[in-house]
Amino acid sequence: MAPLYDVAVVGYGPTGLTAASLLGRLGHRVVVCERWPGLYGLPRLTHIDDETARIVQAAGDVDEALRDSSMCQYVWLNGKGETLVRIPANPDGPMGYPGHISMYQPDVENAIDKRLRDCGTVDVRQGWAVTGLDQDAVGVTLRLRGWNSDGATADGPHDEVRARYVIAADGSRSGIRELLGVERQDFGFNEQWLNIDTEWLRPQPPEFAYATQYCDPARGHMTINIGTNRQRFEFALLPGETREGMTAPDSAWRMLRHYHDLGPDDVRIIRRLVYGFEARIATRWRTGSVFLAGDAAHTMPPYLGQGACSGLRDATNLAWKLHLVLGGQAPDALLDTYESERRPHVTALTHAAIALGKVANTHDTEAAAARDAAFFAGTMPAPPPFPPLTHGVLRHDTDAPVGTLTPQGRIRLPDGRTGRLDDLTGYGFTLVTAEDPATALGPERLARLERLGCAVVALDTVDDLDGRHAEYLHLLGAVAYLARPDFVLFGTAADTTDLGVLVDDLDAALSGTTVTAV
């Protein structure tokens, strides 16, 4: 029988890469099964936010990953070229990165791939397709066949791998989801868009150094910079236009010339294809020991730029929970909180993306005129704020904003090491306190935190170089806060007595016991 891995990851896109790297970093034996022989090497996603950049920081060399990136602002124009709304770039988001980042996906994937291969516990099996699976009381057996890239068929040699758990991050057409018989809820948003990725042959004109959505009832279209050297152009397909016709070279150049006055002397086309924008969510994300993640679990229109970001959130949510279960620190039931936490968050973002898509692609001229008037009058409702987590591993019955995200600043440790908080504390729970908590917690609770891999950061012994963590404590009105490995606020302590109860409540939440704050 094949050796038993802790986790098998199916799919080697951003979600699978991140999950494998985080689990490898935590010391687990991981096998990755990917049908294609190498990384994709082209930019599918172009945007991440500061939270996602922080996840990339945990999974790889973030400075290498973002070496060709830039802050991103968004401008929405109507069909007359008038500005409907402008969302400025935020150079310093709470996670220590710009709030919106335009980046080059291959750099991100290469940085994470390098990190996980250096772990020594991750086996990457590229060129192997998963053709079947069986579950038993110990784990999951994945049946593999060699992938024929030329024919796009699984007709090579047979093999199999076994793992206690499986993460299916194999995309919107997930073969694992199909093998499990999991259906998807369709939210009724289906559009076809021509995607043209280009590389600048001259300095990027300033009007292309940000994202512009053209809300033109004649044809919705948009452009976004890919880092600093590349540009993406997208055009909605109109009735009667076909995938084959729109991806022909002459069609691509015709669109670029007509809408942006660009030709072969300005840009080099590096990819052109028609994407299907859809909004679908799997009806269940867990089947026994198999979990769906990323596009295998959910797809959404790109108007919020949150599709890939949501996949990386899935990866980090699953990774730390699998780590605790595999290490005997929590029961298997903890893994049920993956879906209960992530599904409402993804669903809210999906509905927000659909709503923005309807605003951007209003084809009726009278409706578009009414939309424009609402923007100009300031009566167009603002997009809803990002939702917090409302279920799962949180300290409930408290006024603290549990389920929201905690910040990351730069700190200096007593030994002189200086850097981003997570780089110095590691990927795990983090307890940030105003003062040394040793006396308040006592040796038993400190030992519990150590077993959980929880870093303790006392701001009276650490230099909070930009004041971000002290400011956050002041905002919370607390003497301490406890952050989960995915940067989510678990809970706060109002005073030193409450600090010990906070640690007890974390134990209770991880074991599935009721948590009640004092």
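Biologist: Where in the chain is the place of Asp-261?

Modeller: The model is predicted, so local features require pLDDT of at least 70 and side-chain atom pairs count only at pLDDT 80 or more, while totals for chains, interfaces and linings use all residues. Residues are numbered from 1 along each chain as its sequence is written, and side-chain values use heavy atoms, with hydrogens and water left out.

Asp-261 is in the loop between α7 (249–260) and β16 (267–282). Helices (H or I, at least four residues) and strands (E, at least two) are DSSP runs, numbered from the N terminus. The phi of Asp-261 is near 55 degrees, a positive value in a residue other than glycine. Most residues other than glycine have a negative phi. Asp-261 has a relative accessible area of 54% and is therefore exposed; buried means under 20%, exposed over 50% and partly exposed in between (1.4 Å probe, protein chains only). Phe-487 also has a positive phi, near 75 degrees, and lies in the loop between β25 (480–483) and β26 (489–493). Phe-487, however, is buried, at 4% relative accessibility.

Another buried residue is Thr-316, with a relative accessible area of 3%. Thr-316 is found in helix α8. Leaving aside residues up to four places away in sequence, Thr-316 touches Leu-22, Ile-55, Tyr-427, Pro-485 and Asp-486, where contact means heavy atoms within 4.5 Å.

Helix packing comes next. The axes of α2 and α4 (residues 105–119) are 9 Å apart and form an angle of about 35 degrees; axes are lines fitted to C-alpha atoms, for helices over the stretch in contact, and angles run from 0 to 180 degrees between N-to-C directions. Val-56, Gln-57, Ala-58 and Ala-59 in α2 meet Val-108, Ile-112 and Arg-115 in α4. By class, this contact has five nonpolar, one polar and one charged residues (Ala, Val, Leu, Ile, Met, Phe, Trp, Tyr, Cys and Pro count as nonpolar, Asp, Glu, Lys and Arg as charged, and the others, Gly among them, as polar).

Val-56, Val-108 and Ile-112 are also among the residues lining the largest cavity. On a 1 Å grid over the protein atoms alone, a cavity is a set of points where a 1.4 Å probe fits but cannot get out, a pocket is an open set with protein on both sides within 12 Å along at least five of seven lines, and lining residues have an atom within 4 Å of a point. The whole structure holds one cavity of 30 Å³ or more, and the largest cavity contains about 80 Å³ of space; grid points are joined across faces, edges and corners, and a volume is the space filled by probe spheres set on the points. The largest share of this lining, three residues, comes from α4, and the lining divides into nine nonpolar, two polar and one charged.

The second largest pocket has a volume of about 1200 Å³. Its lining has 48 residues, of which His-100, Leu-304, Pro-384, Pro-385 and Phe-386 lie nearest its centre. Helix α9 gives the largest share, eight residues. The lining comprises 30 nonpolar, eleven polar and seven charged residues.

Finally, the count of disulfides (pairs of cysteine sulfur atoms within 2.5 Å) is zero.
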